[in-house]
Amino acid sequence: MPSFYEFFAGGGMARAGLGPEWQCAFANDFDEAKADVYRTNWGSDDFHHGDVRKVMPAHLPGEADLAWASFPCQDLSLAGTYKGLDGDRSGTFWPFWKLMRTLVRQERAPKLIVVENVYGVLTANNGADFAAIAAAFCDGGYQFGAMIIDARHFVPQSRPRFFLVGVRSDLSVPQEVVAKGPQPKWHPSRLIAAQESLPSRVKRQWLWWKLPASRCRPPTLSEIVESNPTSVAWHTAAETRALVEMMSNLHREKLAAVQKLPGIHVGTIYKRTRKDAVGNKVQRAEVRFDKIAGCLRTPGGGSSLQTLMIVAGKTVRSRLISAREAARLMGLPDSYRLPANYRDAYQLAGDGVVVPVVSHLAQHIFSPILKANVNLMLALEAAV
């Protein structure tokens with residue numbers, strides 16, 4: 001059974017995606033509320049609560065097959081400070097990487113290292129942060145490649161995220177997981193440009209990962225909506241009218257068009273600050289009815305909570321997305337136990353990694369690499 005470390009673990013969503021075929025050897029998070037959720041769902045035997053800066057190599061048992069790090073995005077996202085890897089939160093990549101370098105020196109480096117973050121990591125500090133991460137992998141003795149994977153291929157949520165997968169340079173990489181060049185689905189022009197700007201010595205360690213499309217149809221937004229949520233209440237008619245009044249003409253036209261359609265239609269709304277016709281800043285309610293939700297955000301830092309709008313002809317109702325719906329948008333099963341506090345549950349979801357994305361990567365990249373190297377080792381032993 002392959003083993004893994006999960007840094008910045010939150011509620012253990014990477015663990016959920018890897019599934020029971022993987023053994024967690026170590027998990028870490030500094031947030032007390034998330035630590036409670038992790039222990040509630042996964043137990044406390046392998047969990048270390050505390051700042052990653054205080055994690056010591058001795059805390060990490062053995063030699064893991066995989067180290068996963070969904071390091072904080074606050075300094076890399078458009079909604080954050082955009083200080084990049086110089087920020088207090090996103091800068092925790094460096095103490096994590098210091099641990100990885102120590103494991104390299106101790107000759108027990110993980111076979112695979114994965115970091116996950118927001119799309120903005122490609123452009124933070126004019127691309128210097130992406131180049132720094134790439135150089136760190138290169139200098140640490142890893143071949144690596146990155147992908148932008150939008151969760152909408154797996155769940156009804158628009159959530160493009162950056163995944164960099166590194167494989168230890170002494171390992172064999174099977175041809176089935178590597179493409180000859182970028183794949184349009186996973187390697188958009190911004191990523192290609194970032195890769196092209198890397199120094200030659202770093203680019204020599206680059207791999208274009210070959211990842212198939214998901215064969216499973218993701219659920220629609222309507223399919224994950226709760227009929228009778230307990231964590232949120234329906235808005236009053238006056239509150240729903242106020243939301244409609246906050247819409248621009250374009251978004252009111254979207255609503256009017258859906259009202260003419262038969263059946264029940266589910267949309268999502270975010271409140272955003274926009275400029276009106278004379279340049280004044282006004283708050284707008286922006287709705288989408290494309291059967292997927294907008295990207296879940298954490299409620300901190302002034303970000304609004306996402307609102308559902310349920311339309312059946314002239315009847316229009318609205319409410320916040322429930323805690324369970326937010327979990328479903330992250331691909332978590334209903335058996336996953338959420339915090340009792342709504343904002344804690346929403347924070348957990350907004351900070352997490354989408355579970356079926358992790359499963360897809362494990363099935364099509366991680367497991368084939370590990371299996372190929374086990375088979376190679378067995379063949380060498382047989383030859384001796």
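Some ground rules. This is a predicted model, in which local features need pLDDT of at least 70 and side-chain atom pairs count only at pLDDT 80 or more, while totals for chains, interfaces and linings use all residues. Residues are numbered from 1 along each chain as its sequence is written, and side-chain values use heavy atoms, with hydrogens and water left out.

Start with the cores. By nonpolar core I mean a set of buried Ala, Val, Leu, Ile, Met, Phe, Trp, Tyr and Cys residues joined through side-chain atoms within 4.5 Å. Buried is under 20% relative accessible area, exposed is over 50%, and partly exposed is in between, with a 1.4 Å probe and protein chains only. The largest nonpolar core has 65 residues, and W68, M147, I149, W209, L361, I365 and F366 have the most contacts inside it. Which helix gives the most to this core? Helix α12, residues 355-383, does, with nine residues. Helices and strands here are DSSP runs, numbered from the N terminus: H or I of at least four residues for helices, E of at least two for strands.

Take F366 as an example. Contact means heavy atoms within 4.5 Å. Setting aside neighbours within four places in sequence, F366 is in contact with L18, W22, L66, W68, L112, V114, V165 and L361. There is also a second, separate core of 42 residues, which includes F7, I113, I133 and L191.

Now the cavity. A cavity is found on a 1 Å grid over the protein atoms alone, as a set of points where a 1.4 Å probe fits but cannot get out; lining residues have an atom within 4 Å of a point. Grid points are joined across faces, edges and corners, and the volume is the space filled by probe spheres set on the points. How many cavities of 30 Å³ or more are there? The count is one, and the largest cavity has a volume of about 50 Å³. Its lining is E116, I149, D150, A151, R159, R161, F163, V353, V354 and V357. Strands β6 (142-150) and β7 (160-168) each supply at least two of the lining residues. By class, the lining has six nonpolar, no polar and four charged residues. For that tally, Ala, Val, Leu, Ile, Met, Phe, Trp, Tyr, Cys and Pro are nonpolar, Asp, Glu, Lys and Arg are charged, and the others, Gly among them, are polar.

Next, two buried residues. N117 sits in strand β5, residues 112-118, and counts as buried because its relative accessible area is 2%. A polar atom of the N117 side chain lies 2.7 Å from the backbone oxygen of F71. A326 is in helix α10, residues 323-329, and is buried at 0% relative accessibility. Leaving out neighbours within four places in sequence, A326 is in contact with L296, I321, Y346 and A349. A326 and L296 are 30 residues apart along the chain, with their C-alpha atoms separated by 7.6 Å.

Last, the backbone. Most residues other than glycine have a negative phi. E107, in the loop between α3 (93-105) and β5, has a positive phi near 60°. E107 counts as exposed, at 70% relative accessibility. K291, in the loop between β11 (281-288) and β12 (307-312), has a positive phi of about 75°. K291 is exposed too, at 56%.

How values were computed. A polar contact is a pair of N or O atoms within 3.5 Å; within protein, one must be able to donate a hydrogen and the other to accept it, and residues adjacent in sequence count only if both atoms are side-chain atoms. On a 1 Å grid over the protein atoms alone, a cavity is a set of points where a 1.4 Å probe fits but cannot get out, and a pocket is an open set with protein on both sides within 12 Å along at least five of seven lines; lining residues have an atom within 4 Å of a point.
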